[in-house]
Amino acid sequence: MQNRERVTLGIHSNVAGNANGFTSGHAWITVTRGSQVTAYGLWPDEHPRTVDNGDQTDIRVGLEGTRFPKASRFYQLTSLQTLKLEQALKRNVTWRYTNTCASWASELIEEVVGVDIDADDWAGFETPRELGEHILELESERPTSRTNPTLYRPRGSSLR
């Protein structure tokens, strides 16, 4: 049996629900490898917290350090899920109004873990407030934490 470092994937939003404005908030993911936590978020080049990096990826590392999530959910990854995650983080992804921080984080969770955490707000735009609301719904059913992530496996899955 191979000794492998535990990897936990978290999804976060600093707003939840319609009491927040349509364009308010931010969503991001964290990856915990052993005891090292790294935050990843999708940010446009035009944002004051970023440097315009031209055609390079808009996946930014570590900009969420000062943000406090209102909603978080954590998944312990298998080896295959960890591989999928690492591949996804290497992609060149562009922020657009139709590919926001919330849609990127939600779609990454679905791709890697197989869980659809809805971020769809009105007119088909995906927002942190909607993502946060659905994270809180999942957490009310079965709470998770960085130290106690869910071991979700899709039915019939052979993910290891």
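Strand 1 (residues 7–13) pairs with strand 5 in the antiparallel sense over six bridges, where two strands count as paired if DSSP finds at least two bridges between them, and helices (H or I, at least four residues) and strands (E, at least two) are DSSP runs numbered from the N terminus. Within strand 5, Gln76 is the bridge partner of Thr8, while Ala71 is that of Ser13. This is a predicted model, in which local features need pLDDT of at least 70 and side-chain atom pairs count only at pLDDT 80 or more, whereas totals for chains, interfaces and linings use all residues. Residues are numbered from 1 along each chain as its sequence is written, and side-chain values use heavy atoms, with hydrogens and water left out.

The pairing belongs to an open, antiparallel sheet of five strands in the order 4-3-2-1-5. Strand 4 (59–61) and strand 5 stand at its edges, each with a single partner strand, so one side of each has no neighbour in the sheet. Even so, strand 5 (residues 71–76) is mostly covered, five of its six residues being buried, that is, under 20% relative accessible area (1.4 Å probe, protein chains only).

Helix 1 lies across strand 1, strand 2 (27–33), strand 3 (36–42), strand 4 and strand 5, running at about 130° to strand 2; angles run from 0 to 180 degrees between N-to-C directions, with axes fitted to C-alpha atoms, for helices over the stretch in contact, and contact means heavy atoms within 4.5 Å. Gln81, found in helix 1 (residues 79–89), is buried, with a relative accessible area of 0%.

Technical notes
Buried means under 20% relative accessible area, exposed over 50%, partly exposed in between (1.4 Å probe, protein chains only).
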